[in-house]
Amino acid sequence: MEIRQLKYFMEVAKREHITEAAEELHVAQSAVSRQIGNLEAELGVDLFVRQGRRVRLTPVGRVFLESSKKSIQMLENATQEVQEYLHPHRGTIRITYPISMAAYTLPTAISSFRQTYPDANFHLKQNVYYDVIEEVMSGEFNMGLLAPVPEDHDHVYGHVLFTENVIALLPQDHVLADEPHVTLHQLREESFILLPEGMHFRELVIEACRKQGFEPKTAFEGDDVDALKGLVSAGLGIALIPEVTLVDTTPRYTVKKKIRNPDVTRTVGLITPKERELLPTERIFFDFLHDFFSSF
């Protein structure tokens with residue numbers, strides 16, 4: 001079995017079409033067909049069901065695909081690790097993160113890091129909270145930036161970098177706009193603007209309200225934090241959002257208020273896999289982040 005065969009197999013499985021896979025691989029269709037046939041002969045099973053010009057994975061083909069992905073990822077990691085041991089300041093840092101980290105937290109850290117390590121490369125992927133954890137578990141990424149940081153997880157370590165406040169964003173003509181701070185209890189009758197179901201920050205907001213004895217009334221949902229800001233600016237409700245997303249500016253026609261009695265906070269930090277070590281360049285960035293955020 002050859003690495004080339006696995007890569008051909010994975011491309012065909014992805015596109016479900018041998019000709020399209022061959023075009024993407026920049027090889028002849030006959031070469032792809034021959035390598036897939038050789039692979040099936042060696043394994044003694046059919047990996048695909050042929051349906052005219054298209055192909056579909058068989059049940060055993062789907063199992064083999066998952067194993068192939070892991071094998072290729074391991075080989076790529078091994079090659080990268082060797083290169084980074086030789087040139088740790090020029091390696092690649094692969095990190096996955098949710099959208100709430102995209103506007104300020106991660107870009108600020110990367111900008112500062114590149115001042116010291118200008119030759120370092122980054123492979124970034126934006127995702128939702130639970131998918132960030134899944135990608136670190138699966139080996140697609142070795143680092144994830146998350147808030148809140150998961151505790152006592154079976155497969156990933158959580159490393160808290162800092163704790164940030166969750167604040168209330170209100171329309172500027174709101175009855176509480178001139179108050180120095182607000183409590184969640186004061187907001188119990190308000191129309192809340194929330195992130196969609198399945199987003200972890202939405203769950204955090206709802207749970208904070210429930211602890212104060214009420215269920216937030218959902219007026220609108222926004223796909224991301226910027227959408228929440230826009231809806232509040234339009235006077236359509238109030239939103240609870242991470243304070244770091246307002247570090248540079250407050251949206252027009254809104255006011256931001258600290259939440260007191262009790263404070264609403266969340267941890268921000270990194271997750272790393274329990275089953276794998278960070279690559280050398282990733283370790284440098286990991287240590288840098290701890291130092292960089294120590295003053296937050």
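# Report on a predicted protein model

Arginine 202 touches Leu194, Leu195, Pro196, Glu197, Thr218 and Glu221, when residues up to four places away in sequence are not counted; contact here means heavy atoms within 4.5 Å. The structure is a predicted model, in which local features need pLDDT of at least 70 and side-chain atom pairs count only at pLDDT 80 or more, while totals for chains, interfaces and linings use all residues. Residues are numbered from 1 along each chain as its sequence is written, and side-chain values use heavy atoms, with hydrogens and water left out.

Arginine 202 belongs to helix 7, which covers residues 200-211. Helices (H or I, at least four residues) and strands (E, at least two) are DSSP runs numbered from the N terminus. With a relative accessibility of 10%, arginine 202 counts as buried; the term means under 20% relative accessible area, whereas exposed means over 50% and partly exposed lies in between (1.4 Å probe, protein chains only).

One of the contacts of arginine 202 is Thr218. Threonine 218 is found in strand 9, residues 217-221. Its relative accessibility is 41%, so threonine 218 counts as partly exposed. Apart from residues up to four places away in sequence, threonine 218 touches Phe192, Leu194 and Arg202.

Helix 1 (residues 3-15) packs against helix 3 (residues 29-43) at an angle of about 110°, and the two axes are 9 Å apart. Axes are lines fitted to C-alpha atoms, for helices over the stretch in contact, and angles run from 0 to 180 degrees between N-to-C directions. Helix 1 and helix 3 are therefore roughly perpendicular to each other; this label covers 65 to 115 degrees, while angles under 35 count as roughly parallel, over 145 as roughly antiparallel and the rest as oblique.

Which residues of helix 1 meet helix 3? They are Arg4, Gln5, Tyr8, Phe9 and Val12, and their partners in helix 3 are Ala31, Val32, Gln35, Ile36, Asn38, Leu39 and Glu42.

The loop between helix 1 and helix 2 (18-25) holds glutamate 16. Although glutamate 16 is not a glycine, its phi is positive, at about 55°. Glutamate 16 counts as partly exposed because its relative accessibility is 30%. Histidine 17 lies in the loop between helix 1 and helix 2 as well, and at 11% relative accessibility histidine 17 counts as buried. Leaving aside neighbours within four places in sequence, histidine 17 is in contact with Val12, Arg53, Arg54 and Val55.

## Loops with particular backbone geometry

A cis peptide bond joins alanine 147 and proline 148, with omega about -5°. Proline 148 is in the loop between strand 5 (143-146) and strand 6 (156-171). Aspartate 152 is placed in the loop between strand 5 and strand 6 too; its phi is near 55°, a positive value in a residue other than glycine. At 77% relative accessibility, aspartate 152 counts as exposed.

Asparagine 261 and proline 262 are also joined by a cis peptide bond, with omega about 0°. Proline 262 sits in the loop between strand 11 (254-259) and strand 12 (265-273).

## Separation in sequence and in space

The table sets out C-alpha distances for pairs of residues.

| Pair | Separation in sequence | C-alpha to C-alpha distance |
|---|---|---|
| Tyrosine 104 and valine 247 | 143 residues | 7.9 Å |
| Serine 138 and proline 273 | 135 residues | 8.9 Å |
| Histidine 17 and isoleucine 36 | 19 residues | 12 Å |
| Threonine 218 and leucine 270 | 52 residues | 31 Å |

Tyrosine 104 lies in the loop between strand 3 (92-97) and helix 5 (105-116). Its contacts, leaving aside neighbours within four places in sequence, are Val244, Val247 and Asp248. Serine 138 lies in helix 6, residues 129-138, and is partly exposed, with a relative accessible area of 41%.

## Helix 9

Helix 9 (residues 280-292) has 13 residues and reaches 18 Å from its first C-alpha to its last, close to the 18 Å expected at 1.5 Å a residue; the expected span is 1.5 Å times one less than the number of residues. The buried residues of helix 9 are Pro280, Thr281, Glu282, Ile284, Phe285, Phe286, Phe288, Leu289 and Phe292.
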